[in-house]
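Here are a few notes on the aromatic side chains in this one. Have a look at the structure first, then go through the points below.

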Amino acid sequence: MTKTLRALLGAAAFFGLTGLATAETQITVATVNNGDMIRMQGLMDDFYAKHPDIKVNWVTLEENVLRQKVTTDISTKGGQFDVLTIGMYETPIWAKLGWLVPLKDLPASYDVDDLLPAMRSGLSVDGTLFAAPFYGESSMVMYRTDLMEKAGLKMPKEPKWDDIKAAAAAMTDKTKEQYGICLRGKAGWGENMGFIDTLANSFGASLFDMKWKPTFGGQAWKDTLAFYLDLMDKFGPPGASSNGFNENLALFQQGHCGMWIDATVAASFVADPKSSTVAGKVGFALAPDKGLGKKANWLWAWALAIPAGSQKVDAAKTFIDWATNKDYLNLVASKEGWANVPPGTRKSLYANPKYISVPFAQLTLDSINAADPTKPTVDPVPYVGIQFAAIPEWQGIGTAVGQQFSAALAGTTSPKDALANAQQIATDAMTKAGYIK
């Protein structure tokens, strides 16, 4: 085939596609299989009524798989997706690499100034927003009020880890498949490490010292892992090394967990009588601490961003505006009630008397406001981030270390070996990347 013929065929294909796009622009959205995102897909009639010229194709994936797919696609300029669901870890790193489209020209009605400062800051670079928060979260304790009452215990609003351990022991009845506590065990930098890192923060540990040397060999990490494994071995469900956010959510909703320490966004799902058998018997408390000045709570947003390789930026921005603006919150409220509105994104939501009266609303806001990514640990550290270090290498390090800790939970490796392997993995990666000389 001659170059001229190829050029002509290419031009014909281009104009054919352009003609189709005039009638209907198709965009592909990659998202995580969490409840709020599934709910959004059920509300698309509203979007299509307002934007009949745009068709949305969904790729909905489990959290670890989503992260792998979108990272591979954007780093290789694969072009599979027009909208990505990413978070506070990826957004600033990818924006600085030029991989994301800045969200500079959202309509005035979007009201960027209404975004909670923690969310806007975490999704911006040099004051420019690169991802719009779909929901924001910290973490907190969700617990069975009926089981606590039966045990003769009362959950403090600001519990210590000793309170959590005592409550877990009191609520465990394995003959009834009733476990005192459910925590993340599934390997992944955003799965088990998302929780364990915050536990470590409260125990006085850190990911790296001020010279960027990993600290998994220190006493604080030994204490952290020992406490986590003891808690889960004695009072957790079987097979916990396979449980992430969605698995623990299902266990709690089905009445198998006395407590669950996880994302504040889960509150609406455990309290929803349509999906939770324990709705009406759930209380909430701030994430625990060890008395050292740091609570074990994180800061995160699942947000929507546009990869720089998208050829449909305008349509993608239109979708992001719809999915993350004030009208969407009102839409969810009208269909599902205020308790089920995506939380943690806007000042106006928490100024709304209808929403702030929801039992967990104020606690969610308090948890978000209490999280400081610039000072995540008891001792000073060189990185920003609470449940992660905001460096490109953390995704690989965190996932590999998470595999070690998951193996320790499963009993296939010892805690001592898990920490030694974690230290070696992280040291090798940081040396190769040039952080350690």
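1. A cut-off to start with: a residue counts as buried when its relative accessible area is under 20%. Phe 388 comes in at 5%, so Phe 388 is buried. Keep in mind that this is a predicted model.

2. Going through the whole structure turns up 31 aromatic pairs. One of them is Trp 161 with Phe 195: the planes sit at 85° and the ring centres are 6.3 Å apart, so this one is edge-to-face. Trp 161 belongs to helix H8 (residues 161-171) and Phe 195 to helix H9 (residues 192-202), so the contact ties together parts 34 residues apart in sequence. Trp 161 and Phe 195 are both buried.

3. What sort of pair do Trp 300 and Phe 388 form? Edge-to-face, with 80° between the planes and 6.0 Å centre to centre. Trp 300 is in strand S10 (residues 300-305), while Phe 388 is in the loop between helix H17 (361-370) and helix H18 (394-410), so the pair ties together parts that are 88 residues apart in sequence. Trp 300 has 4% relative accessibility, so Trp 300 counts as buried too, like Phe 388.

4. There's also a cluster linked by ring pairs: Phe 47, Tyr 48, Trp 58, Phe 134, Tyr 135, Phe 319, Trp 322 and Tyr 328.

5. Arg 67 lies over the face of Trp 189, 4.3 Å from the ring centre. Arg 346 has its charged end over the ring of Tyr 110, at 4.7 Å from the centre.

Definitions and conventions: Residues are numbered from 1 along each chain as its sequence is written. This is a predicted model: local features need pLDDT of at least 70, side-chain atom pairs count only at pLDDT 80 or more; totals for chains, interfaces and linings use all residues. Side-chain values use heavy atoms; hydrogens and water are left out. Rings of Phe, Tyr and Trp (its six-membered ring) pair if their centres lie within 6.5 Å; planes under 30 degrees apart count as stacked, over 60 as edge-to-face and the rest as tilted. Helices (H or I, at least four residues) and strands (E, at least two) are DSSP runs, numbered from the N terminus. Buried means under 20% relative accessible area, exposed over 50%, partly exposed in between (1.4 Å probe, protein chains only). A charge sits over a ring if NZ of Lys or CZ of Arg is within 6 Å of the ring centre and within 35 degrees of the ring normal.
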